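Here are some notes for a colleague who is meeting this structure for the first time. Please read them with the sequence and the model side by side.

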Amino acid sequence: MGNKILDIKNLKRVFKMGSEIVHALKGISFIVEEGEFVTIMGSSGSGKTTLLNIIGCLDKPTDGDYLLDGVNVKLLSRNELAGLRNNKIGFVFQSYNLLARTSALENVELPLMYNSKISSKVREEKAKQALHAVRLDDRIDHLPSQLSGGQQQRLAIARALVNEPVMILADEATGNLDTKTSYEIMSLLQELNQQQKKTIVFVTHEPDIASFSSRTITLKDGKVIKDTKNENVRSAKEELAALPVSDYNS
Amino acid sequence: MNALNLLRIAWRALLRNKLRAFLTMLGIIIGVASVITMVAIGEGSKASIRSQLSGMGSNMINIRPSSNQAVGGGARIGASGLQTLKIEDVNAIRDHAHFVTAVSPAVQANGQVINGPLNWPTTIQGVHPEFLSIRDWQLQSGVVFTDNDVKISAKVCLIGQTVKSNIFSPGEDPVGKIIRFNKIPLKVIGVLSQKGENTFGQDQDDIILAPFTTVQKRILAITYVQTIYASAVDENSSDTATSEISTILRKDHKLKPTDDDDFTVRTQAELISTISSTSQLLTVLLAAIAGISLVVGGIGIMNIMYVSVKERTKEIGLRMSVGARGIDILLQFLVEAILISLTGGVIGVAFGITASSLVSYFLSWPTLVSQSSIVLSFMVCAITGVFFGYYPARNASRLDPIEALRYE
C-alpha cells in the first residue's frame, strides 16, 4: 500500500452556539491512502460538512489529530494552512465557484497565482495541461458564463488539478448537475483516479454517486457508522453509455 | 502574488463596474483638480506681486528719518517733517558702504505742471542720475540728466508717461520742450518708459524726475534730504547692506550706543517677503479648502471598497480556499483602492491644469501650476487610497473562508 494521505485520529469538533455546546464530530478515525477514491456519506447534520472543512484545512479540530500527507494540521497558523491548501489540496465545489468574467485559463491559473515559486510561463503551461486533462482545450478563452454546467464543473476540476495536489476534495460536486452530466464528471474523476492515481475524497449524500468510488465512509451524528470497501465499483463511463438516448437531450 | 498580477486583478475589478469606479474617482478628481487650480491661482498671484515689486527694483533700500522719536515729550512729528538726513549722509554711504552699488538722495514736491494750455497735478522728485538704476527705470526717449546737471541745479527734467499724455497732445515729442512746474521752467530732456501701477495701485508713471538740487533748492528751498535710496549688490546682500548703512549713519549722526536710530532703513526684500507671506496664507487657505474635498473623495473610496468587499465575499472565500493568505486578499483590495485614487489623481491633475489655464484665459487671473502641487496631490492621493482602502481591505483579509464560501 502507498502513503497515508489522510490520517485522522479521534477527531473531535465542538462548536459553541451561544450557551449551547454542539458536538459536531465525536471522535472520528480513519486513514486514506494514496490512490484511493473515497466517498464520505451522511445525511445533513451528520457532521459531513464539518469533517470536510477540517479535511480541507479550512477549519481546525478541537481535539484529536489530523495529518495531511504527514503534516499535523493542528499545529499550523492561518497562513500556513493557506499554504497547505495551495500545495496539497484541490477543491471542487457544488456551485463551481468560478470567477465570473475571467477566462477559463485564468480561472485555472488562480491557485498558482498564490504560489510565488511558479513563474507566469510555467503557470500558463500547467493551466493548459490541466485544461487538456479535463478536455476543455478548445474553451481556453471562454468565460464561465459561456460554458454549460458540466463544462464549468470540469473547469473547476482543472483548477483543482493544476497545483498537483495530493488530494482532490469534492463537496457535492455533482449536486447541481443532471444525471448524465453527473456521470460525465464521475467518469472524469474515475479516470483521474485510475490513470493518474489521484487520491479523491468525495462528499455526497447520493448512494448512486458513492457506488463509483472504491470506498465509502458513512457518518451519522458525528461518528463513523460504516466504512466499507466497495468490491463492485461501477464504471461511470459504461453507465454513461447505457443511459437512454432521451436523457442525452435533456 | 506579484505586483503585476495584483494590478491586473484590481484593474479588472474596476472595469467590471465602470460607472461605479468612475463616480468614486470623481470625488478624487474634483479634489485634486481643485487643489491644483487653487494653488495655481494662489501661486500665480504671488508670482505677479513678486514681479511687480521686483519691477520697483528688488535690491532697493530706502532710508527715511525715523518718526518714532518724541521731541521733548511734546507732539511727535511726521517722518517727512524731520530733517535728520543730509546730503553728507549720501556721500558717506557712497564712500564707505561696500554692499551698496548706487545711492541717491531724494526730495519731492507736489504741484501743477503746465505746458501751454494744458496742466496736470503731479509730483516732482529730485534725485541723482543713479536713481534710475536703483528703481530699475528705463528711458523711452531722450537722455538722463548728468552729475553736472545736479551740481549746477540745471532746469531740466524727465517726465513719466502719465504726465506726458496729460500735458502733451498725442504724437507730440516732449523732448526739448519747456514745461513749467510751480512756475519754474524746466526743459524736458527725456521720457521715462511705462512702469504701470505698483502693488498698492499707485500710478508710478505720474511723475517728473529732476536733478536733486533743482528740486531741493529751486522748488522746495530746503537744505535737508527727505529720503535716501540705495541699491544693494544683490537681493541676498540687502540685509548686510542695511546694517552697513545703519552703522555709517549712526557714526555720521554721532549717536551714542544707547540712542535709538534717528532714521529707518527698509529694504524691498522685506516688503516682498511681507506681501508674499500674505499671499502664501491665501494659497494655503485655498489649498486647505480644496484638500477637504479630497478627504470627502477618500471617504467615497472607503464606502465603495466596503461594498466591493461585501459583494465579493464569495470570491474572497474561493481565493482563500485555493491558498490565498490574508495578506494576499488585503493587498488585492488595497491595490484596488490605490488604483482608484491614483487614476482619479491623474485625471484630476489633467483637469486642474486645464482649469488653471481656462481661469487665466477667461478671467485673466495670473495662474502658475507648480510642480510641487502636482507631486503633492499625487502623494496625497496615494495616501488617501492607502488610508481609506486599508480598513475595508483588512476586513476582507480577516474573513473566515468557510463563512465566506457559503455567503450568498
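1. Two strands are said to pair if DSSP finds at least two bridges between them, and the elements named below are DSSP runs numbered from the N terminus, helices being H or I of at least four residues and strands E of at least two. This is a predicted model, in which local features need pLDDT of at least 70 and side-chain atom pairs count only at pLDDT 80 or more, while totals for chains, interfaces and linings use all residues. Residues are numbered from 1 along each chain as its sequence is written, and chains are lettered from A and ligands numbered from 1 in the order in which they are written.

2. In chain A, 4 strands make up an open antiparallel sheet with the order 2-1-4-5. Strand 2 (20-33) and strand 5 (71-72) of chain A are at the edges with a single partner strand each, so one side of each has no neighbour in the sheet. Strand 1 (residues 4-17) and strand 4 (residues 63-68) of chain A are joined in the antiparallel sense by 5 bridges, and Lys12(A) is found opposite Asp63(A) of strand 4.

3. Between the chains, 16 residues of chain B are in contact (C-beta atoms, placed from the backbone, within 7 Å) with 17 residues of chain A. Helix 10 of chain B provides the largest share of chain B's side, 5 residues.

4. For chain B, the unreviewed UniProt entry lists residues 329-353 and 373-391 among its "transmembrane region" spans; such annotations may be inferred rather than shown by experiment. Residues 329-353 of chain B are 100% helix, with end C-alpha atoms 36 Å apart.

Definitions and conventions. Contact = placed C-beta atoms within 7 Å.
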